[in-house]
Amino acid sequence: MDVTVKFLGGAGSVTGSKYLIDLGEFEFLVDCGLFQGPRDLRERNWDKFPMPVDEMEAIVITHAHLDHIGYLPRLVKQGFRGPIYCTEASAELAKILLLDSGKLQEEEAEYAKKKGYSRHDDPQPLYTMEDAEAVFPLLVPQPFETPFQIHPDITVTYYYAGHILGAAVTKINIKGDHQEKKLVFSGDLGRFHDPVLYPPTLIPRADILWIESTYGDRVSPPVKPENELATAILDVFDRDGLVIIPSFAVGRTQLIMYYLFQLMEKGKIPKVPIFLDSPMAINATKIYLDYAKDHQLSAVLEENAQHPFNHSQLHYFQKQEQSKSLNEYRGRAIIISASGMATGGRVLHHLFHHLPNEKNGVIFVGYQAEGTRGRRLIEGEPSVRIYGLDVPVKAKIYQIDGLSAHADQSELMEWADGFCEKPKKTFIIHGEGKGAEVLAQKLHEEYGWNTVIPHYLESFVLFEGI
């Protein structure tokens, strides 16, 4: 039996992760991500899938971010009907994120049609909410650290990866006629000292390894991000101002909620109202409560009536009317709302109403991509356009580093150091040029690993006649 891999995404970019494993009589996909970012990448989402969809038997998902699951509705729409394996928490998060993605695709197509900026006379969404819902019956949730079979000769085991709830390092054992081989996919690795999620599990052996390289060329600053967060909040409160925190709904919001609770309990910031104004973030937080066994807060949740996701200062705002009531709010309070880069969502109307007040502060807690409203704010532009109007930026803008959900270079190397023997080949994936190149070189120089940076649509023979 020969085994090959074809890189359908996540090669040369940090989006669109898709790795096609072909055993001849059985083909399956590891991850099924959406391409995001520049137009040339996004246009790949519309390309014809490079193999007959009905020939693919299964999909194995590492975690529920859209760059790893966002193409699933498109694939199902094209005829895929096989099982989609993922962890239990990932299955629940996938439902939230895919529905939201379908809704955004519909709204974007409708807006393009209304404004006439599409090249097409009748622009269509990549997929709809109905297409997203068609994925749900195919999801096959699996527990961590419990092997399961996707084929009589293929066994998969999920291990904690950190990053977001449900994210998994994925080990795939392939039993051939003569020998057994191990494939290991890092997925996206989280931080080793995250207070909410378990650290990435160290895997002792892999014949072939796929390792992400998002931050393969950078090391996070040694300062504690919670201290930076407290300093920024106190600075705003000294002016009797309101704090707005644009935050990603899954992962980052829950980490911020944890830090705010701890800072208040320790008396490092005053106890003020915290408004979580994001339906998606609220739904994601419920999944953290439902799957307490999959993160480090399980003991805290069991033993305390008050905890980071349920305490007297915290208010969940699901309804639009509740959200709008904050427009006229004055004084000390904290609003957490999506989106994290201020590109859309409810955070926009909070910025619209509160940016012109010099007492207020906006604290960014994640990377701000080029061209986003968040990037323009941290670069100090005197006004930003929201709802078609130029809004003066009088509020003070802060950015907190060190809150990324991705392992930095030192943590990627620490995880790699957990292998007892060298993989025969290591593919450097999910990274852009420099990040991938620097990590590849470092792994080769320090551990003597055979590292390869694959290209989009490139294929490799992994094993011959096993």
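**Entry 1: charges and provenance.** I began with the charges and found that the mean positions of the 47 positive and 63 negative charges of the protein chain are 5 Å apart, where Lys and Arg count as positive, Asp and Glu as negative, and His and the chain ends are not counted. The place of a charge is taken as NZ of Lys, CZ of Arg, CG of Asp or CD of Glu. I note that this is a predicted model, in which local features need pLDDT of at least 70 and side-chain atom pairs count only at pLDDT 80 or more, while totals for chains, interfaces and linings use all residues. Residues are numbered from 1 along each chain as its sequence is written, and side-chain values use heavy atoms, with hydrogens and water left out.

**Entry 2: the whole chain.** I looked up the secondary structure and found 14 helices and 22 strands in the protein chain, these being DSSP runs numbered from the N terminus, with at least four residues (H or I) for a helix and at least two (E) for a strand. The chain is as compact as a globular protein of its length, because its radius of gyration is 23 Å, close to the 23 Å that the globule rule gives for 466 residues; the radius is taken over C-alpha atoms, and the rule is 2.2 Å times the number of residues to the power 0.38. I also noted that buried residues make up 57% of the 466 residues, where buried means under 20% relative accessible area, exposed over 50% and partly exposed in between (1.4 Å probe, protein chains only).

**Entry 3: salt bridges.** I searched the whole structure and found 16 salt bridges, each a side-chain nitrogen of Lys or Arg within 4 Å of a carboxyl oxygen of Asp or Glu. One of them joins Arg191 and Asp408, whose closest N and O atoms are 3.9 Å apart. Arg191 lies in the loop between strands E10 and E11 and Asp408 in the loop between strand E19 and helix H13, so the pair ties together parts that are 217 residues apart in sequence. Arg191 counts as buried at 13% relative accessibility, and Asp408 counts as buried at 3%.

I then turned to Lys424 and Asp207, whose side chains meet in a salt bridge at 2.8 Å, N to O. Lys424 sits in the loop between H13 and strand E20, and Asp207 in the loop between E10 and E11, 217 residues apart. Lys424 is exposed, with a relative accessible area of 51%, whereas Asp207 is buried at 13%.

A further salt bridge joins the side chains of Arg346 and Asp277 at 2.6 Å, N to O, and both residues are buried. I also recorded that salt bridges that share partners join Arg191, Asp408 and Glu411 into one network.

**Entry 4: helix H13.** I found that 6 of the 8 residues of H13 are buried, so the helix is largely enclosed by the rest of the structure. Glu411 is among the buried residues of H13, as are Leu412 and Trp415. The buried residues of H13 pack against strands E9, E10 and E11 and helix H14, with contact meaning heavy atoms within 4.5 Å.

**Entry 5: Leu34.** Leu34 and Thr15 are 19 residues apart in sequence and 6.5 Å apart in space, C-alpha to C-alpha. Leu34 touches Thr15, and its other contacts include Leu66, Tyr71 and Tyr127.

Conventions: Lists of a residue's contacts leave out its neighbours within four places in sequence.
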